[in-house]
Amino acid sequence: MEGSSNNNKYHKRTKDSFFAVLKYNTLFMYESERQLDCKGIIIVSNHDVTIFPEQLPDNEIFTKVSSIRFTKKPSICAEMAVNLENNNCSNNNYYLFCDTGVEKEDWYFALQRSSKLESNDNSTDKQINKDKSLFDSFAMNHLLKTLYSNDDHIQTQWLNAILGRIFLSVYKTQAVKNYFIRKLVRKIKKVKKPGFLSDIQIKSVDVGDGIPYITNPELVKLLPDGDLDVDINLNYTGGFRVEIETEAIISVTGLKTIKVPLVLAVVLRGLQGKMLLRIKSPPTNRLWMGFYEMPKLDLLIEPVVSETQLKFAPVIKAIESKIHEMIMDSLVLPNMDDTSFFNSFGMGGIYEGEVEQPKQ
């Protein structure tokens, strides 16, 4: 690791090189791996840890020219200003480099964690607040258990492991939840609701703890013009959960009706079926998918707000029926759903090998 402490706008890499050791919230820099001669100490918890330059494209964040920057936290600057006249905290920035990009990522995450620790507490049993973006151990165990559950997964074990691991990186983010909310809102609008229900609103989405797993893939065709068909078996047990709000219009007497507010949880506990994946010949920019027949569904629909709503079995039955109808209308052949793999910016396909993004 290399480091410096200047504050140039365009930082240049220095020749100072150290063997670095991170202990709790303190970074020690030694002359060599023997750790005999300490050349410097940085209290990481006194600093904010960021990548410099800022706002780099994702593919350039961990290149050799970027650095890990330590900037004194505002609270530390305020404390220093009490004791030092004309204190300028911007002169206390440090910039660290690493030999490789993959090593820099490790150091960056480790230093970020250290920056959130208590400055004056070296006890190892004190825990920092858990980052809500981290996956739960249950979710990882679910992935591992599925991958090694039976011989059907051997052929696609590597693929499901990669897809599952990527899912665990993003499944708690609001961006993923918003994606499914938008998707569900569009689907709900296309399905005719029962006459005794008002408009159905999405209250919240929990994407569950796993992805659909692929087994027994088979290449059906790949033609010279690019037409591609692949068959797969799809199996899902992730527990996708949606809370919906609506009102049930209940007839009390022959002349009077009342509206009863409902909050229902719809949980997809399981889905299984054989699916066709299709990419058509150019200029398509999307993957189409559809089941050969209605997949096996394991649905749980239950009231959330109060026990009195348990009496409304017809409401639950009607919603379950509409979910089946929605799947039939969008995901069972000849109907297929689609997802784009390249943004066409409204052009519906990829033309002349490239689509330029419209100017903002």
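This is a predicted model: local features need pLDDT of at least 70, side-chain atom pairs count only at pLDDT 80 or more; totals for chains, interfaces and linings use all residues.
Aspartate 227 is a buried residue, because its relative accessible area is 18% and the cut-off for calling a residue buried is under 20%.

Which residue does the side chain of aspartate 227 meet in a salt bridge? The partner is lysine 221, with a distance of 3.6 Å from N to O. Whereas aspartate 227 is buried, lysine 221 is partly exposed, its relative accessible area being 28%. Lysine 221 also forms a salt bridge with aspartate 229, and here the closest N and O atoms are 3.9 Å apart. Aspartate 229 is a buried residue with a relative accessible area of 6%.

Another salt bridge pairs lysine 274 with aspartate 231, the closest N and O atoms again being 3.9 Å apart. Lysine 274 belongs to strand 12 (residues 257–279) and aspartate 231 to strand 10 (residues 228–236), so this pair ties together parts of the chain that lie 43 residues apart in sequence. Lysine 274 is partly exposed at 42% relative accessibility, while aspartate 231 is buried, with a relative accessible area of 8%. Through salt bridges that share partners, Lys221, Asp227, Asp229 and Arg278 are joined into one network. In the whole structure, a search finds 15 salt bridges, among them the contacts of lysine 221 with aspartate 227 and with aspartate 229.

The next topic is empty space inside the model. Rolling a probe the size of a water molecule over the atoms shows where such space is left. How many cavities of 30 Å³ or more does a search of the whole structure find? The search finds one, and the volume of the largest cavity is about 30 Å³. The elements that give two or more residues to its lining are helix 3 (137–147) and helix 4 (157–170). The lining is made by Ala139, His142, Leu143, Gly164, Phe167, Leu168, Asp209, Gly210, Ile211 and Tyr213. Sorted by class, these residues are six nonpolar, three polar and one charged.

One of the lining residues, Asp209, deserves a separate look. Aspartate 209 sits in the loop between strand 8 (201–206) and strand 9 (213–222), and it counts as buried because its relative accessibility is 18%. Although aspartate 209 and alanine 139 are 70 residues apart in sequence, their C-alpha atoms are 5.0 Å apart in space, and both residues line the largest cavity.

Together with Ile162 and Ile166, Trp158 makes a nonpolar surface patch of about 340 Å².

Lysine 39, in strand 4 (residues 38–43), is partly exposed with a relative accessible area of 45%, and its C-alpha atom is separated by 5.5 Å from that of methionine 29, which is 10 residues away along the chain. Isoleucine 316, in helix 6 (residues 313–331), is buried at 18% relative accessibility, and 8.6 Å separates its C-alpha atom from that of proline 303, 13 residues away along the chain.

Most residues other than glycine have a negative phi, and most peptide bonds are trans. The bond joining phenylalanine 52 and proline 53 is cis, with omega about 0 degrees, and proline 53 lies in the loop between strand 5 (47–52) and strand 6 (67–72). A cis peptide bond also runs from leucine 333 to proline 334, with omega near 10 degrees, and proline 334 is found in the loop between helix 6 and strand 15 (337–340).

Tyrosine 24, which is not a glycine, has a positive phi of about 55 degrees; it is placed in the loop between strand 2 (19–23) and strand 3 (26–30) and is partly exposed at 22% relative accessibility. Asparagine 216 likewise has a positive phi, near 50 degrees, but its place is in strand 9, and at 38% relative accessibility asparagine 216 counts as partly exposed.

Key
Residues are numbered from 1 along each chain as its sequence is written. Side-chain values use heavy atoms; hydrogens and water are left out. On a 1 Å grid over the protein atoms alone, a cavity is a set of points where a 1.4 Å probe fits but cannot get out, and a pocket is an open set with protein on both sides within 12 Å along at least five of seven lines; lining residues have an atom within 4 Å of a point. Grid points are joined across faces, edges and corners, and a volume is the space filled by probe spheres set on the points. Helices (H or I, at least four residues) and strands (E, at least two) are DSSP runs, numbered from the N terminus. Ala, Val, Leu, Ile, Met, Phe, Trp, Tyr, Cys and Pro count as nonpolar, Asp, Glu, Lys and Arg as charged, and the others, Gly among them, as polar. Patches are made of residues with over 30% relative accessible area and no salt bridge: like charges are joined within 9 Å, nonpolar side chains (Val, Leu, Ile, Met, Phe, Trp, Tyr) within 5 Å. Accessible areas come from the Shrake-Rupley method with a 1.4 Å probe; for residues, only the protein chains shown count as cover. A salt bridge is a side-chain nitrogen of Lys or Arg within 4 Å of a carboxyl oxygen of Asp or Glu. Buried means under 20% relative accessible area, exposed over 50%, partly exposed in between (1.4 Å probe, protein chains only).
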